[in-house]
Structures are given as structure tokens and as C-alpha cells.
Amino acid sequence: MSFYNPKKIESKWQKWWEKKRIFQAEDSARGKENFYHLVMFPYPSGDLHIGHWYNFGPADVYARYKRMRGFNVMSPIGFDAFGLPAENAAIKRKIHPQKWTMQNIKAMTKQLKSMGNSYDWSRLIITCLPEYYQWNQWLFLKLYEKGLAYRKKAPANWCPSCKTVLANEQVIEGKCERCDSEVTQKEIEQWLFKITDYAERLLDDLEMLDWPERTKIMQRNWIGRSEGAEIDFPVTDSNLKIKVFTTRADTLPGATYLVLAPEHELLNLLSARILNKNAVNEYIEKAKHKSELERLAETKIKTGVEAKGITAINPYTKKEIPIWISDYVIGGYGTGAIMAVPAHDERDFAFAKEFSLPILPVVVDGKLPEGEIKEAYFGDGVMVNSGELDNLPNHIAKDRIIELAGGKKKINYKLRDWLISRQRYWGAPIPIIYCSLCGTVPVPEKDLPVVLPKIKDFNPEGTGKSPLAKSKKFVNVACPKCGGAAERETDTMDTFVDSSWYFIRYADSQNKESLAEEKKIKAWLPVKIYVGGAEHTVLHLLYSRFFTKFLYDQELVNFKEPFLALRHQGIILGPDGQKMSKSRGNVVDPDDLVEKFGADSVRMHLCFMGEYHHGGPWNPTGILGVHRFLGRVWKLINDQRPTTNDQRQEDKNLEKLFHQTIKKVGEDIEAFKFNTAVSALMILLNEIEKQKSHLSPAACQIFIKLLAPFAPHLAEELWQKFGNETSIHLEKWPEYDEKLVMEEEFELLIQINGKLRDKVVAPKTISQEEAEKLALDRERVQDQLSKKKPKKVIFVPGRLINIVI
């Protein structure tokens, strides 16, 4: 008898699948519903690591299962090829980013194919190729036409190591998400997308999505919807007004000073009136060198300076109040100014205490506090120190205060526009030309793509200019309007632009005339299920939703959300429980595992090692058990010596277990509970081996079908041994008999005063009276009762009985 040899069979079936185009999806298949299954495409940063396998392997189990359930499944793959990781790696190795990227794509393609995943390679996309990023540029022009792409000079997050600006979402705890360097602030001309115009829709439409609740909450928090009021504070002896947004208009009578962000425009307009100009300018300069995280930190000591010589009028009390400048107010948030109510805001309270500013309570729960105020009060109550509104509940007084102060109700969002300019080489050029006569001119569509030139010196200089600025051949161009001398924009696009629409391109990846043909978009999109890491919650996922809504508004797509269902995989840690890194020496190389155990063993172990969305530490011995299991399956099927006219039947218990396993495995795959699905297969195999009798050919083939999504190569090999010529992966998923999956008995838990004291097997149909008799007759129960009579009996059918004494 031959032994299970994955090396011998896996490459054979991979080549056969490719030759027969088994997984190449047709845009329409007779009698089948289209099902778009997608995994987040990888960066070609080097080799595939075990984290990639954990994303791709179990996700492919789901795709294969849906295909066997009769769906016309499209499961495409590609490479997110632009961006900092590839460029930094190329600089380090002193080779061109294009060469580095394309050689990595070649190596990773080989690795991906070795996994045996059912990808449709005919739809491959590589985002660094002009035929792809041409449509990035086209989308930019469409956004520009609608006023949703704009350029402005403003403070930006600057990474001194990567020498480029970063979007807010790319700054994690004050550090660059790529290189972990401290992020500083830098004034720079930059291009942004007006995602804020879509804030309300991005928030509201989360309700329609089958996404993890935690992911929805993170997006809601990032968008940060606040209902409040906008109120103008007149500047004393001036026609100027300071606009503030507040969610606590009821506390306006207690606003004892204003605080402006160091970058607030009013400070320039009124600079001549500021008496302590040197102190103010010094403070503003210091603030420029702090990151937003540092400025917003709750634990930091509050700093500030009064703008002496200018004051404002509280529009409710009509009293003159001082104007302060503090870096805890950010220019890009809200209006860049706040009304400070130290009696009712913790941050304002700390600031007032630091600088001995007045603290006036205007909302109290009970009596007005006497003496020194020790802390801010945030709750509801009645108005005090508020003139005609005294003694009114604050929630009733709020609207009247807004009215008397001349304010207006408004909804505000924490979300800010998406900064897409990057002062780096390896990205899609922004299709804009600057002409001294015509101003900012978009590149005509007929001239797309603006091809990224292959330049020798692509190192960033940290001047605020992209390396493309060094290429006169690229920069100098004729103006499309007047034909005069002009210059190209040298910034490139954030790589997240590439991934914000790539899922649409898969529907028609070779199209040279449009993003994708309308008919094909309607055939496949939106994505039915999307699988990838939770780390993209407020980056890629939010941006993709924004792009989709924009395209919907332009009638270019017929759906409002890109991904109807979303599932996250967890993170695989090293065997030591630490995050995998080469410096720790705990990195697991999947290529070594495939060489030793085969791709099917690696896939199945990743499914079996724990709950998919949790991940966990890699167990180097765990894969041995899975490999042995597959070897036992090989032996079991090969030992059957099946023949087509074999009429053997399984005994009733085994037949029942088969049907229960069909139900269990199918339901668990649907729920992404891959670990318990594998466990069910192992339980079934154990029971088959206990029987020590040959299985019927029908039973053998059912078992192979159940195994197929997890171990596709082994299943295909065993399937062919039964004389089948078509792929098992195009076969129909087994059906189960409802009557046979019903359990006739269950384990009745017996509790006394809520504590488990005994268990007994009981029929499913047992009544409360019968359950009481059964429980009270048990010796353990009688010992616990000590002749005491039950006061009450609680019976939960099919689960437990609780005797209260």
C-alpha cells in the first residue's frame, strides 16, 4: 500500500487545476448565482509569511465550500504594489523599487499557487502597472471635477524618516505606522479628498452591513458625529467673530474664557492688537513641533498663553472674557476655537486651575456648591447663575440659550478630509499641471496615464518635494490649455487610493476603456464576503466605502456599499506568544512547513488551531497531529478497495454520525468556525476506525467531499481513485437527512441551588415530572438533599433541572 506523500500529489493537482481552468469564473453560469469572494490583496514586500497563510488559507475553505454549494464563485487575487514598504526596502537594498516589487510578485505568485487556493488568476491586478493606475488618475480627475479633490497649504503629519506626509489614520500613538518614527507637524501644500462630505452616509449605512460590531464601532468613533450648536463670540472693538462648536450649549452662561488653536487665522488678523506678541509667537512656534497626539494627550500638563489686548464677548451674558491660546485645541478640528466652561469640562477645569481663571457653575444637581470648586460637574441638573433661565432643567434651557445667543444647531464630525499627497517616488503620479497663466490644470483624460518615469535617484530628500521634482523631463510640460510652459505636480498618491477601488477592477481587469464594463459590475458587485485584517478598519475599509459612494453618485456603479459581509482573521503570534519578528527569532516560515508536511496539512492546521477571528500562538507540534490525520484518511480510503457495484451500507449509528457531520461541517464553515468543522471530521474518522469495517463507496465519497475545502489536493487525489474524471471541487456538497441529525438523547444537568451536582443521559422528550423523578432518584442528589424537601424546581427542557432547597 502507498503512503500519503503530499509532495507527489500537490504540484500535480495545482498544474491540473490551472490547465483545466477549474477556478476561472465565467461572468454568468447557467443556473448558478454569482458569488464574489475576496481576500485583501497582499503587499509584495517579500515572502509570504504565516500571517498571509492565515488570511488566505481558511478564507479559501469558505470559497471552495460555496462553490460546492452551487454558487458561481469568483475569488480573485492581485498585488497592492505601490507604497512606502516596497520603496523603503528598495532603498535599503539599493535597487529600483520596480525591480524589487516585480521580483517579489514573481516569488509570491509561486508561493500563493503552492497554497492550492482556488484563485482566478486570469483576473490578476498589479497596482503599480500603468494599465491599473491610469484609472486611479481617472478617478482623481472625476473627484476634482466635482470639487472633492482640492489642494491647500496646511499643517500635516510629517515623518522625518519616511520623509513624507501621512494621513491622520496612518499615525498611531504619535508615530508613523510604517517605521515607528515620531511624527512632527509641517506646513506643506497638499492634495486632499473631501471624504467629510460623505460623513453622514458613511455613518448611517453601517447599519446595513454584516460586519463585526467592533469594526462598526471603530468606524463610528472615527467619524465622530456630534450634535450641538455653532455660536459666534464677537471680538471686542472689532467686526470679527470667533465661531465655536459646542455640544453643551446649556453651559454657555459659564463660559469664562475662549481658547484658540495656535494656528487659528484670527491671531494673524489681530496681531497688531496683541500686547505680548513675542510670548504668543514663541508659543505658536513651539506648538508647530508637537504631534497632534502630544497636543491632545489627557495626561500632559496644560500649557497656554493669553493673547493680551484682545477679548471677546460672551453672547449670552454679554460679559467680556479673555482669549487664550493653547495647543490642546487643534486647528483642523471643528472651528479651531472652543468656549471654555471650566465648571463643566475636565480639560477646561485643569486649564483654569493652572492659570487661575474664573470657574462659574451654571448647572447643579441640588445645591449650588459653596467655597472652592474641587472638580468639574458633567451631569444634568438645573440652571444657576444664568439669569432668567435659573431653576430650569438644563436640557430644556439649552434651546433657549442657543436662541438668545444667536446660535444655530449643527451636526459636527471628528472625521477630517483624506490627505492623499505623498512626497515619495513609488506611487501613482497626481494628474495635475501648474501653469503660470492658467493656474491649476487637470491632465486631459486622453493623456492618461501619466506614467511614473523610471528615474535613477528616487531617494527622498525631506524638502517637502517628491524625488520626481528632480526629473526635468517629467516636470516640464506644455500646458494643456494654452500650450505654454508648465510644470507637473510631483507628489504621488497615497497607496490607499489604489486599494479603494481595486475590488471593482477584478470584475473586468483587462478593460482598456473604463474601470470595468457596466454589465460585469452588475454581474459581480458588491463583494458578497470580504476577508482580511482588522487593522484596516479606519483606513482601507473607510476609504473604499467613500469611493463606492462617490461612484454611486456618478451612476458608475449600482450599489452603495462595497463589502456586504466582512470577516477578520486574528493574528498568529510566535511560539513564545510574542509578535513574530526576525529580531526575536520566532518567525514561522510557511515554505519550510509546506516542504515538510505539504500545503494541505498547513491549511488544515491553520483552520484547526483556534477561533479564526482570535488567532493565537503558533504551536509547532500541532501540525503533526493534522498531518497524521490526513495520513489516516489516505490509508482509510485506499484500504477500501472501492468498486462501483459495491452495495455495502453503514450501520445506523455511523450513518447518523455521517449526517450530523455533514450538517456540522457545513454550518461551521458558513460561520467561519473552521476549527470546530475540522474537529467534527476528526470525530467522524475516529468512529469509522473504531468500526473496523469497510465503508461503502458512497460513504467514502461523502467523506472526501467534506474534506475537500480543507485539504483540496488530497481530496482531489482520492476522488479520482473512484473513477471520477471531473474535479471534486465542482461536485455538489452532500445533503443531510433532518431526521437523522436529530438527537434522541441529551445529557441532563442536575443542579442543587444553582450548583452542578450530577449529570444523567435522558430522552429528548422527557417532561418536567419525569425529569424531577429521575433527578430525585439519583444517589448523589439524595446525599446532597439530606432528606430535605425541595422548595422549588426549575426545569429547562433539553438542558437542566435545578432543585432549590
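**View 1. Strands β21 and β24 are joined by three bridges in this predicted model.** Strand β21 covers residues 432-435 and strand β24 covers residues 485-488; the two run antiparallel. Within this pair, Cys435 faces Ala486, a residue of β24.

**View 2. The strands β22, β21, β24 and β23 make an open sheet in that order.** The sheet has four strands, and their pairing is antiparallel. At the edges lie β22, residues 439-442, and β23, residues 476-478. Each of these edge strands pairs on one side only. From one strand to the next, the twist averages 40 degrees.

**View 3. A second open sheet of four strands has the order β13-β14-β12-β15.** Here the pairing is mixed. Strand β13 (305-313) is an edge strand, and so is β15 (337-340), each pairing on one side only. The twist from one strand to the next averages 30 degrees in this sheet.

**View 4. Five bridges connect β13 with its partner β14.** The partner strand, β14, spans residues 320-325, and the two strands run antiparallel.

**View 5. Helix α20 packs against helix α23.** Two packed helices are described by the angle between their axes and by the distance between those axes. Helix α20 comprises residues 622-639 and helix α23 comprises residues 697-707; their angle is about 155 degrees and their axes are 11 Å apart. Angles over 145 degrees count as roughly antiparallel, and α20 and α23 are therefore roughly antiparallel to each other. The crossing in which α20 passes α23 is left-handed.

**View 6. Residues of α20 and α23 form the contact between the two helices.** From α20 come Phe629, Leu630, Val633 and Ile637. From α23 come Cys700, Phe703, Ile704 and Leu707. Sorted by class, this contact of α20 with α23 holds eight nonpolar residues, with no polar and no charged residues.

Definitions and conventions: Residues are numbered from 1 along each chain as its sequence is written. This is a predicted model: local features need pLDDT of at least 70, side-chain atom pairs count only at pLDDT 80 or more; totals for chains, interfaces and linings use all residues. Side-chain values use heavy atoms; hydrogens and water are left out. Axes are lines fitted to C-alpha atoms, for helices over the stretch in contact, and angles run from 0 to 180 degrees between N-to-C directions. Angles under 35 degrees count as roughly parallel, over 145 as roughly antiparallel, 65 to 115 as roughly perpendicular and the rest as oblique. A crossing is left-handed if the near helix is turned anticlockwise from the far one by less than a right angle, and right-handed if clockwise. Contact means heavy atoms within 4.5 Å. Ala, Val, Leu, Ile, Met, Phe, Trp, Tyr, Cys and Pro count as nonpolar, Asp, Glu, Lys and Arg as charged, and the others, Gly among them, as polar. Two strands pair if DSSP finds at least two bridges between them.
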